[in-house]
Structure formats: C-alpha cells, structure tokens
Amino acid sequence: MNILNKAFCRVFQFGFKVAIPVLPYRNPHILNQVDQIPDLLRKKNIKRLMLVTDPSIRGLGITKHLEDILKEQGFALSVYDKVQPNPTVSTVEEARQLYLEKECEALIGFGGGSSMDTAKAVGALIARPNSTLEDLGGILRVWLRTPYTIAIPTTAGTGSETTVAAVILDDETGHKYALMDFPLIPDVAVLDPETTRTLPPRITAGTGMDTLAHAVEAYIGNSTTKQTRREALRAVRLVFRNLERAVKNGNDMKARRAMLRASYLGGCAFTVSYVGYAHAVSHSLSGKYNMPHGETTAVLLPYVLEAYGTKIYPQLKALAIAAGVAHMDTEEALAAQSFIKAVWELNRRIGIGTKLKGIKREDIPMMARMAAAEGNPVYPVPVLMDAKALERFYYDVLEEGGTRP
Ligand SMILES: [Fe+2]
C-alpha cells in the first residue's frame with residue numbers, strides 16, 4: 001500500500017479510536033434463559049412481536065418452547081422463518097412487510113448470525129422507512145432508535161447478539177456489506193445453552209472458531225481499550241478450554257454455556273475494536289461462493305496472523321498465555337509462534353482443514369479488491385495491506401496451490 005493511502009487509513013482509524021469514550025456503545029442486558037422473556041416483555045409493555053428465524057432452526061423445534069410460552073401468555077406472535085445463510089436484501093424486505101402488516105412492536109432474532117442480523121436489519125428499515133438497506137450500509141447511517149430487539153443466539157457464535165453490525169448480501173450483485181450503527185445493538189441477549197444443544201459438531205466448530213477470530217482480531221488491532229483487551233482475553237481463554245469439549249459432546253452444557261459467554265465477550269470486544277483481514281477476506285469468499293462464515297474465517301485466521309509477522313508478537317504472547325500455551329516467562333517469539341500453532345492445532349482437532357474448496361483463481365483479484373474495500377480504512381489492523389497484498393491469502397487457502405501444512 002502506498003504511503004498516502006497508509007496515512008489516510010491511520011488518520012481515519014485514529015479518529016475513531018479517540019472517539020470511543022464518547023460513542024454510545026452499550027452491552028446488551030443478559031438473560032440466562034428463554035423462559036425469562038415474557039416477564040421482560042410485560043415490563044416493557046410489549047404485546048405484539050415478530051420472531052425472525054430460519055427454517056432449520058424452527059424445523060428442529062428449537063423455537064417451539066418460546067413460541068408456546070409467548071402464545072400461552074397472550075402475546076401476539078408473528079413468525080418469519082425464511083432466513084437463509086448469508087441473509088439477503090429480499091429476505092429482509094419480506095420480513096419487514098410481515099412486521100408492518102402485523103403491527104409488531106418488537107423483534108426477536110432467534111438463530112445464528114443470519115437470523116439475528118436479519119432482525120437487526122428489519123429494525124433499521126423500521127427506524128428509517130424511506131431508506132433502502134444499501135443507503136444504510138456502512139458506518140453510522142441508521143441514527144434513529146430501532147424497535148426493541150431481543151437476540152437469541154443458537155450458535156456460539158457470531159457475536160451478533162451484542163454488536164453494532166448486521167451483515168447483508170445483495171442477492172442481485174453478490175455484494176456483501178455491513179450496516180454498522182449503535183441503534184443496531186440488541187437490547188437483550190439471551191445466553192441459554194439449551195438453544196445450542198442440537199447444533200451439529202461441524203457448526204459448533206466453525207462458529208466457535210469465528211468467536212476466537214473476533215477476539216483475536218480485536219485484540220491485535222490498534223483500537224483496543226482496556227475493557228476490550230480484557231474481554232478478548234477472557235473469550236480466548238474460554239474458547240481454548242471449552243470449544244473442543246462442546247464439539248465432541250454437544251450435550252456438555254457447561255462447555256456450551258462457556259462458549260455462549262465467549263461469543264458474547266468476543267462480540268463486545270470486536271464491536272468496539274473491530275476485526276481484521278481474516279474477516280474481510282472471509283466475507284469476500286462467502287459473498288462470492290456462499291461459503292460458511294465461521295469455518296472460512298477459521299481456516300484463514302492462522303495465515304493472517306503469520307502474515308502480520310513480528311509486529312504482533314507482543315499481543316500474540318498475551319493471547320498464548322490466555323490460551324494456556326505459554327507463560328509470562330516464555331520468550332516472546334516462541335510464545336507468539338506457539339499461539340499460531342495452537343490455532344492450527346485447535347482447527348485440526350475439531351475437524352477444520354487448512355484449505356478451502358471451490359475458489360477459482362480468476363476470481364481472486366476481484367475478491368481481494370472487495371476485501372480491501374471492506375478492511376481499509378475501517379479496520380485498525382496491525383499491518384495495512386492493499387488488494388494486491390491481500391491476494392496472498394486466497395492463494396494460501398487454494399486447495400491445489402496452497403503453501404501451508
Ligand atoms: Fe465473524
């Protein structure tokens with residue numbers, strides 16, 4: 001990246017960093033059980049609400065208990081259950097229509113990141129009825145209060161239950177973009193491990209590593225605060241202690257609860273301190289080929305950490321200590337390399353590979369440009385890279401032509 005672009009990125013990021021103390025960040029109120037929701041709604045005087053979820057979550061019966069208790073207790077519940085992985089503009093529009101027809105007063109996003117993001121994006125369109133999602137894409141474009149929103153993650157996780165962001169795919173152009181504004185932070189996050197009990201091992205693994213990527217990318221960036229560093233380290237500790245257990249025994253409710261907490265903490269950290277190029281590259285791949293976000297990011301993360309080089313060794317040492325693979329007196333370079341190795345190893349133990357299937361070489365320059373446009377100047381990454389430099393990551397994970405183990 002040329003020196004002028006670098007200077008522009010760093011000035012932009014510095015502006016946002018100094019503004020952190022005055023920006024209206026807030027952490028959602030936490031409930032530990034779905035059963036606590038009706039009381040909360042009564043306190044808020046909410047009677048009509050819309051549940052946003054996806055067909056498989058509903059088909060598995062995961063939303064049934066909540067639907068039953070809300071109906072039994074006299075709430076007017078509408079259900080939109082057509083969310084797909086990587087939610088699209090047309091999905092959000094359809095859900096908004098239902099919300100308006102049924103005169104709802106609140107939203108529940110129940111599912112993985114896609115369902116929660118759809119609920120948040122519907123909220124943005126309700127707050128700004130004369131705008132399109134594209135108008136509201138980017139930073140600080142929503143402004144106005146969105147309807148009361150409860151997020152119930154069924155994965156641990158995307159962190160969407162606590163973040164300012166809703167990621168949407170334009171189904172006409174294949175462009176994936178994020179709406180990022182403070183009114184999109186859900187009012188309530190329900191961290192109930194029962195909702196993640198039936199999650200298959202592969203999704204537990206991918207979404208768990210997504211949580212790790214949130215915490216790590218937030219921690220190594222330049223816009224951390226004392227609080228986000230603490231949240232990120234706690235999330236990393238919880239992931240290394242619990243993810244493998246949750247993948248290998250889905251009924252281990254202690255591990256499931258710990259992973260939900262990790263997801264929440266990782267989300268709190270990255271919504272203030274941002275993510276980095278593992279996410280930017282991952283978004284371009286899932287936008288182009290509909291690859292699952294968690295697993296894609298998990299594969300990319302160790303390559304990205306290696307590419308940043310010695311610049312992030314001090315941060316990687318702290319992460320290595322949190323992960324339990326180094327001590328205070330471990331030499332810095334050794335500790336840093338131990339952390340990257342621990343990420344490779346954790347991926348391997350939970351069934352995540354080192355390559356991604358289906359990438360076409362001819363698509364790489366365009367995807368790298370999309371990743372650069374997402375990352376720069378917003379993400380305060382430790383080492384800036386332009387589109388050309390980012391191309392290396394696509395080659396790293398190419399099935400037939402990669403360079404890593
Ligand atoms: Fe993520």
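Biologist: How much area is buried between domain 1 and domain 2?

Modeller: Bear in mind that this is a predicted model. The size of an interface is often given as the accessible area lost when the parts come together. Carbon and sulfur atoms give 62% of the area buried between domain 1 and domain 2, and the total is about 2,200 Å².

Biologist: And how many residues does the contact take from domain 1, and how many from domain 2?

Modeller: Let's start with the bounds: the domain assignment gives 3–21 + 200–397 as domain 1 and 32–196 as domain 2. The contact between them takes 27 residues from domain 1 and 25 residues from domain 2.

Biologist: Which helix gives the most to the side of domain 1 that touches domain 2?

Modeller: Four helices each supply at least two residues of that side: H1 (3–19), H8 (201–220), H10 (253–273) and H11 (277–289). By class, the side of domain 1 that touches domain 2 has 12 nonpolar, 12 polar and three charged residues. With 11 residues, the helix that gives the most is H10.

Biologist: Now for Met291. Why does Met291 count as buried?

Modeller: Met291 sits in the loop between H11 and helix H12 (293–308). Leaving out residues up to four places away in sequence, Met291 touches Asn86, Leu285, Ser286, Thr296, Leu356, Lys357 and Ile359. The cut-off for buried is under 20% relative accessible area. Met291 counts as buried because its relative accessibility is 8%.

Biologist: What separation do the C-alpha atoms of Met291 and Leu356 have?

Modeller: Leu356 is among the residues that Met291 touches. Along the chain, Met291 and Leu356 are 65 residues apart. Their C-alpha atoms are separated by 9.0 Å.

Biologist: Over to Thr154: is it buried or exposed?

Modeller: You'll find Thr154 in the loop between strand S6 (148–153) and strand S7 (165–169). Its contacts beyond four places in sequence include Ile57, Ile62, Phe110 and Leu199. Relative accessibility is 1% for Thr154, so Thr154 counts as buried.

Biologist: Which residue's backbone nitrogen does the side chain of Thr154 reach?

Modeller: Gly111, Gly112, Thr195 and Thr196 are also among the residues Thr154 touches. The side chain of Thr154 reaches a backbone nitrogen at 3.3 Å, and that nitrogen belongs to Gly112.

Technical notes:
Residues numbered from 1 in each chain as written. Predicted model: local features only at pLDDT ≥ 70, side-chain atom pairs only at ≥ 80, totals over all residues. Heavy atoms only, no water. Domains from an automatic or database assignment. Contact = heavy atoms within 4.5 Å. Buried area = accessible area lost by both parts, 1.4 Å probe. Nonpolar A, V, L, I, M, F, W, Y, C, P; charged D, E, K, R; others polar. Buried < 20%, exposed > 50% of the residue type's maximum accessible area, 1.4 Å probe, protein only. Polar contact = N/O pair within 3.5 Å; in protein donor to acceptor, adjacent residues only side chain to side chain.
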